[in-house]
Amino acid sequence: GTYLYFGTWPGGSNAGNYYQVKLSDYSVKTFTPDSYGFYWAGAVSDGTNVYFGSDNGLLYWRSIADFDTTGGVLDLTDVASDAGNVRSTVMMDEDGFLYFTTQGGYLWCCSYKDGLTVEWKAKLGPDPDTNVTSTSTPTKVGDRIYVGYYSGFSKGGVQCLDLGTGSLSTVASGFPVQSSIVVMGDGTGTDYLYFNTNSGSGAGYCYSYNGSTGTSVWSTRGDTYALGGMACDNGYLVFGNDKNHLYVVK
């Protein structure tokens, strides 16, 4: 709408702030929790409330009209004690659900239309790797949800959760993926996925996924850590990395 939302992270258990800035006059309203801050925690709005996660496994909601005074919280550690920090943006669909990941290695689904409640969670990564974590914002097309995961700077990949069957499939593996996934497709046939890898030889990748099998289509040359995702428009993909290199792929 007409507001900008962002948070601050002062480190450790120190309390950060989440801000609502009204763009018409730059007036600011501030929400400050009792402890912990907001690291990469992007917000999403349903037109009435705004939702965002924090670094101690909490999912907050705040009223858009009264951002600084009205809101609530859902403690994910009540559902999974190892939920971990919420360092992804929250994705919303029109059916009344929020999707996001946590550093405990979970993909979460929460309902927001009748109060904020956990619908389900899915543990990411290949079993029995207990060190899997995620900061990737989920991408939903049709009944497929694509999400990246990682374990350090050497292992990880991309997985797809099928909402129709509840099954979790590996689309790509062998590299850490912390970015969100750009998807071309409608989730019914073959989708094309574009993402980066955050490793010492990080690169940009394209994989196809037909509902059961992921296949490598192309990749850029190995370079260095590429944490952020790609931007896509007018037939071009753009991404950058930690060596100040900007890649443009046509």
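Modeller: We'll take the overall fold, then one arginine.

Modeller: This is a predicted model: local features need pLDDT of at least 70, side-chain atom pairs count only at pLDDT 80 or more, and totals for chains, interfaces and linings use all residues. Residues are numbered from 1 along each chain as its sequence is written, and side-chain values use heavy atoms, with hydrogens and water left out.

Colleague: How many helices and strands in the protein chain?

Modeller: Zero helices and 22 strands. Both are DSSP runs numbered from the N terminus: helices are H or I, at least four residues, and strands are E, at least two.

Colleague: What about the radius of gyration?

Modeller: It is 18 Å for the protein chain, close to the 18 Å from the globule rule for 250 residues, so the chain is as compact as a globular protein of that length. The radius is taken over C-alpha atoms, and the rule is 2.2 Å times the number of residues to the power 0.38.

Colleague: What share of residues is buried?

Modeller: 48% of the 250. Buried means under 20% relative accessible area, with a 1.4 Å probe and protein chains only.

Colleague: Switching topic: where is arginine 62?

Modeller: In strand E6, residues 58-63.

Colleague: Which side chain of opposite charge is nearest to arginine 62?

Modeller: Aspartate 68, 6.3 Å away. Arginine 62 is buried but has no salt bridge. That would take a side-chain nitrogen of Lys or Arg within 4 Å of a carboxyl oxygen of Asp or Glu. Lys and Arg count as positive, Asp and Glu as negative; His and the chain ends are not counted.

Colleague: What lies 3.0 Å from a polar atom of its side chain?

Modeller: The backbone oxygen of phenylalanine 67.

Technical notes. Buried means under 20% relative accessible area, exposed over 50%, partly exposed in between (1.4 Å probe, protein chains only). A polar contact is a pair of N or O atoms within 3.5 Å; within protein, one must be able to donate a hydrogen and the other to accept it, and residues adjacent in sequence count only if both atoms are side-chain atoms.
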